[in-house]
Amino acid sequence: MDHDQTFRVILGLVFLAILPIGIYHRVTSQSTGEALDRRQEGLFILVTLRPAGALFWFGLIAWMLNPAWMAWSAMPLPGWTRWTGAVLAAAGA
């Protein structure tokens, strides 16, 4: 298994570990039925946060499915930086 595939598997496992936690908290927060006015966050946050988050997730999922799709954004980094990121992601999960 090459290093890219190793990191894709690690990222997939971290993603699968975090997903149920996020779903649980989303469902419990919606159980009150209380409306949430997102305009109170401010126009800048409203216009930039969600599109930027969507771009991040689309890029991440694209890389996990096929790294060639994101080859344009590749950056040569030493192996230890990638392993540090993998360890931090696992610890964060």
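For the residue classes used here, Ala, Val, Leu, Ile, Met, Phe, Trp, Tyr, Cys and Pro count as nonpolar, Asp, Glu, Lys and Arg as charged, and the others, Gly among them, as polar. The structure is a predicted model, in which local features need pLDDT of at least 70 and side-chain atom pairs count only at pLDDT 80 or more, while totals for chains, interfaces and linings use all residues. Residues are numbered from 1 along each chain as its sequence is written, and side-chain values use heavy atoms, with hydrogens and water left out.

A pocket is defined on a 1 Å grid over the protein atoms alone, as an open set of points where a 1.4 Å probe fits, with protein on both sides within 12 Å along at least five of seven lines; lining residues have an atom within 4 Å of a point. Grid points are joined across faces, edges and corners, and a volume is the space filled by probe spheres set on the points. The volume of the largest pocket comes to about 1000 Å³. Its lining holds 31 residues, of which Leu11, Phe56, Gly59, Leu60 and Trp63 are the closest to the centre. By class, 22 of the lining residues are nonpolar, 6 polar and 3 charged. Helix 1 (3-30), helix 2 and helix 3 (79-92) each supply at least two lining residues, with helices taken as DSSP runs (H or I, at least four residues) numbered from the N terminus. Helix 1 gives the most, with 11 residues.

Next comes the nonpolar core, a set of buried Ala, Val, Leu, Ile, Met, Phe, Trp, Tyr and Cys residues joined through side-chain atoms within 4.5 Å. Buried means under 20% relative accessible area, exposed over 50%, and partly exposed in between (1.4 Å probe, protein chains only). The largest such core consists of 6 residues: Phe7, Ala62, Trp63, Met64, Met70 and Ala86. Helix 2 (residues 43-65) contributes the largest share of this core, 3 residues. Leaving aside residues up to four places away in sequence, Ala62 touches Pro67, Trp69 and Met70, a contact being heavy atoms within 4.5 Å.

Trp83 lies in helix 3 and, with a relative accessible area of 37%, is partly exposed. Beyond residues up to four places away in sequence, Trp83 touches Thr6, Phe7 and Ile10. The C-alpha atoms of Trp83 and His3 are separated by 9.9 Å, although the two residues are 80 apart along the chain. In helix 1, Ile18 is partly exposed at 39% relative accessibility. Ile18 and Gly92 are 74 residues apart in sequence and 9.1 Å apart in space, C-alpha to C-alpha.

What of the charged side chains, and how many salt bridges are there? With a salt bridge taken as a side-chain nitrogen of Lys or Arg within 4 Å of a carboxyl oxygen of Asp or Glu, the count is 2. Asp4 pairs with Arg82, with the closest N and O atoms 3.0 Å apart. This pair links distant parts of the chain, with Asp4 in helix 1 and Arg82 in helix 3, 78 residues apart. Asp4 is partly exposed at 26% relative accessibility, and Arg82 is partly exposed at 31%. Arg50 forms a salt bridge with Glu41, where the closest N and O atoms are 3.4 Å apart. Both partners are partly exposed, Arg50 at 34% and Glu41 at 38%.
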